[in-house]
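Student: Could we go through the salt bridges of this model and how accessible their residues are?

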Amino acid sequence: MTDDGITRLLAMLDDLDADVDATIDLADEIAATGGPELLPRLETELGRAVEERNGYARELLGGVVAGIGGTGSLPVLVRASAVDLGDDQDGLAAEIVDLVQADPKKAEGLLRPMTEDDDLAVAHRADWALRFLP
């Protein structure tokens, strides 16, 4: 997958008339086939989705970041998740839990310092994620 796929996904996320199933399928394809070179752009776009208070885009982009970045992406995902957009975050929460359980040692090493973050929402979300260590 290339930046073209991300560009298409972003256009679909911004289009209120875009087919939801097609958007999800493209996000899944990028997550399954994308390489780590795509992470900087995806992480930037995830941050933009949070700034724009777009819970739908946060969920889908968070899943793509998790799929490509694995457990190493936990800090980015926890920070994105710490912002209350008024949505249920079921998908993003599930991604975080799966990554914590996939590599508990690495997850703990990444999350434990975040529990001391100056942003209390981030600290609380990191603490929440640590509860899923096996």
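**Salt bridges and burial**

Tutor: Glutamate 45 and arginine 48 both belong to helix H3 (residues 39-51), 3 residues apart, about one turn of the helix; helices are DSSP runs of H or I with at least four residues, numbered from the N terminus. This is a predicted model, where local features need pLDDT of at least 70 and side-chain atom pairs pLDDT 80 or more, while totals for chains, interfaces and linings use all residues. Residues are numbered from 1 along each chain as its sequence is written, and side-chain values use heavy atoms, without hydrogens and water.

Student: What is the N to O distance between the side chains of glutamate 45 and arginine 48?

Tutor: A salt bridge puts a side-chain nitrogen of Lys or Arg within 4 Å of a carboxyl oxygen of Asp or Glu. The side chains of glutamate 45 and arginine 48 meet in one, with an N to O distance of 2.6 Å.

Student: Is arginine 58 buried or exposed?

Tutor: Buried means under 20% relative accessible area, exposed over 50%, and partly exposed in between (1.4 Å probe, protein chains only). The side chain of arginine 58 forms a salt bridge with that of aspartate 87. Aspartate 87 lies in the loop between helix H5 (74-81) and H6 and arginine 58 in helix H4 (residues 55-69), so the pair ties together parts 29 residues apart in sequence. At 0% relative accessibility, arginine 58 counts as buried.

Key
Helix = DSSP H or I, 4+ residues; strand = E, 2+ residues; numbered from the N terminus.
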